[in-house]
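Please read this report with the sequence and the three-dimensional view side by side. It takes up selected parts of the structure in turn.

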Amino acid sequence: PRAAERLATYKPAWPLPKVFRMTADGKLNEGLFRGETLNTPSMLCVEDALDGLTWAEESGGLAGLIARSEENLEAVARWVSRTPWAEFLAEDAATRSSTAICIKFTAPWFVRLSEEERFTTVRRMAAMLEQEDIAYDVAGHRDAPAGFRIWGGATVEAGDIRLMLPWIEWAFETVAAGHATAAE
């Protein structure tokens with residue numbers, strides 16, 4: 001009761017968005033505590049979350065979602081094992097994420113670039129993939145070594161990752177061709 005009284009009498013010094021208002025005309029909005037709808041967009045968000053949970057359950061629940069993500073990591077691992085200029089950023093397999101799959105480029109010409117040049121090169125490759133509608137937001141985090149960060153969460157199909165990997169090769173080889181020492 002004291003909290004309700006404080007809410008009813010409190011007057012903030014600034015405008016409060018409607019979604020955060022718990023009172024109207026100096027009285028507590030009791031409907032909030034009975035589940036009344038605040039607005040349609042908030043109900044759409046709830047429905048979207050419910051759809052996501054239904055999909056997750058239909059995908060095998062937690063175990064199924066983990067398996068999907070691990071399949072994505074395995075697709076990248078097979079590619080890394082046959083790609084001489086790509087390695088996992090996390091060298092210890094036990095510490096690799098199956099959701100944020102990070103790879104680094106190890107070609108001699110790339111390693112010799114300055115840190116700034118490596119980041120510029122990675123951003124250029126990422127832009128090439130975006131231009132072709134192949135992958136988005138794959139350039140690694142700005143505080144991580146220059147490389148790619150591939151989303152491998154359960155919402156991604158392993159087949160789509162397998163289709164993307166040759167395009168990473170294309171972008172890398174296209175950029176490498178522009179470097180005079182890329183022939184190494």
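## Aromatic pairs

In this predicted model, Trp-85 and Phe-172 are both buried. The two rings form an aromatic pair that is stacked, with 3.8 Å centre to centre and 5° between the planes. Because Trp-85 lies in the loop between helix H3 (61-82) and strand E3 (86-88), while Phe-172 belongs to helix H6, the pair ties together parts that are 87 residues apart in sequence.

A search of the whole structure finds nine aromatic pairs, and ring pairs link Trp-79, Trp-85, Phe-105, Trp-109, Phe-110, Phe-148 and Phe-172 into a cluster. Another pair, formed by Trp-167 and Trp-170, is edge-to-face, at 5.4 Å centre to centre and with 75° between the planes. Trp-167 and Trp-170 are three residues apart in helix H6, so about one helical turn separates them. Trp-167 is partly exposed, with a relative accessible area of 31%, and Trp-170 is also partly exposed, with a value of 32%.

In soluble globular proteins, nonpolar side chains tend to be buried together. Here the largest nonpolar core has 36 residues, and those with the most contacts inside it are Ile-103, Phe-105, Phe-148, Ile-150 and Ile-168.

What does Ile-103 contact, leaving aside its neighbours within four places in sequence? Its contacts are Val-76, Trp-79, Val-80, Glu-87, Phe-88, Leu-89, Gly-147, Phe-148 and Ile-150. Among these, Phe-148 and Ile-150 are also listed with Ile-103 as residues that have the most contacts inside the core.

## Helix H5

Helix H5, which covers residues 115-131, has 17 residues and reaches 24 Å from its first C-alpha to its last, close to the 24 Å expected at 1.5 Å a residue. Its buried residues include Phe-119, Thr-121, Val-122, Met-125, Ala-126, Met-128 and Leu-129. The buried residues of H5 pack against strand E4 (100-105), helix H4 (108-111), strand E5 (147-151) and helix H6 (158-177).

Just after H5, Asp-133 takes a positive phi of about 55°. Further along, Arg-142 has its place in the loop between H5 and E5, where it is exposed, with a relative accessible area of 69%. Arg-142 and Thr-54 are 88 residues apart in sequence, and their C-alpha atoms are 35 Å apart in space.

Not counting residues up to four places away in sequence, Asn-72 touches Ile-101, Gly-152, Gly-153, Val-156, Glu-157, Ala-158 and Ile-161. Arg-68 is found in helix H3 too, and, with residues up to four places away again left out, Arg-68 touches Trp-55, Ser-59, Ala-154, Thr-155, Val-156 and Glu-157. Val-156 and Glu-157 are therefore among the residues touched by both Asn-72 and Arg-68, as those contacts are defined by heavy atoms within 4.5 Å. The C-alpha atoms of Arg-68 and Gln-131, 63 residues apart along the chain, are separated by 27 Å.

Ser-98 lies in the loop between E3 and E4. At 19% relative accessibility, Ser-98 counts as buried, because the cut-off for that class is under 20%. Leaving out residues up to four places away in sequence, Ser-98 touches Ser-69, Glu-70, Leu-73, Gly-152 and Gly-153.

## The largest pocket

Rolling a probe the size of a water molecule over the atoms shows where empty space is left. The largest pocket in this model has a volume of about 290 Å³. Of the 14 residues that line the largest pocket, the closest to its centre are Tyr-10, Pro-12, Leu-16, Arg-21 and Thr-23. Helix H1 (2-9) and strand E1 (23-24) each supply at least two residues of this lining.

Technical notes
Residues numbered from 1 in each chain as written. Predicted model: local features only at pLDDT ≥ 70, side-chain atom pairs only at ≥ 80, totals over all residues. Heavy atoms only, no water. Helix = DSSP H or I, 4+ residues; strand = E, 2+ residues; numbered from the N terminus. Expected span 1.5 Å × (residues − 1). Buried < 20%, exposed > 50% of the residue type's maximum accessible area, 1.4 Å probe, protein only. Phe/Tyr/Trp six-rings, centres within 6.5 Å; stacked < 30°, edge-to-face > 60°. Core = buried A, V, L, I, M, F, W, Y, C linked by side-chain atoms within 4.5 Å. 1 Å grid on protein atoms, 1.4 Å probe; cavity = no way out; pocket = protein on both sides within 12 Å on 5 of 7 lines; lining within 4 Å. Points joined across faces, edges and corners; volume = space filled by probe spheres on them.
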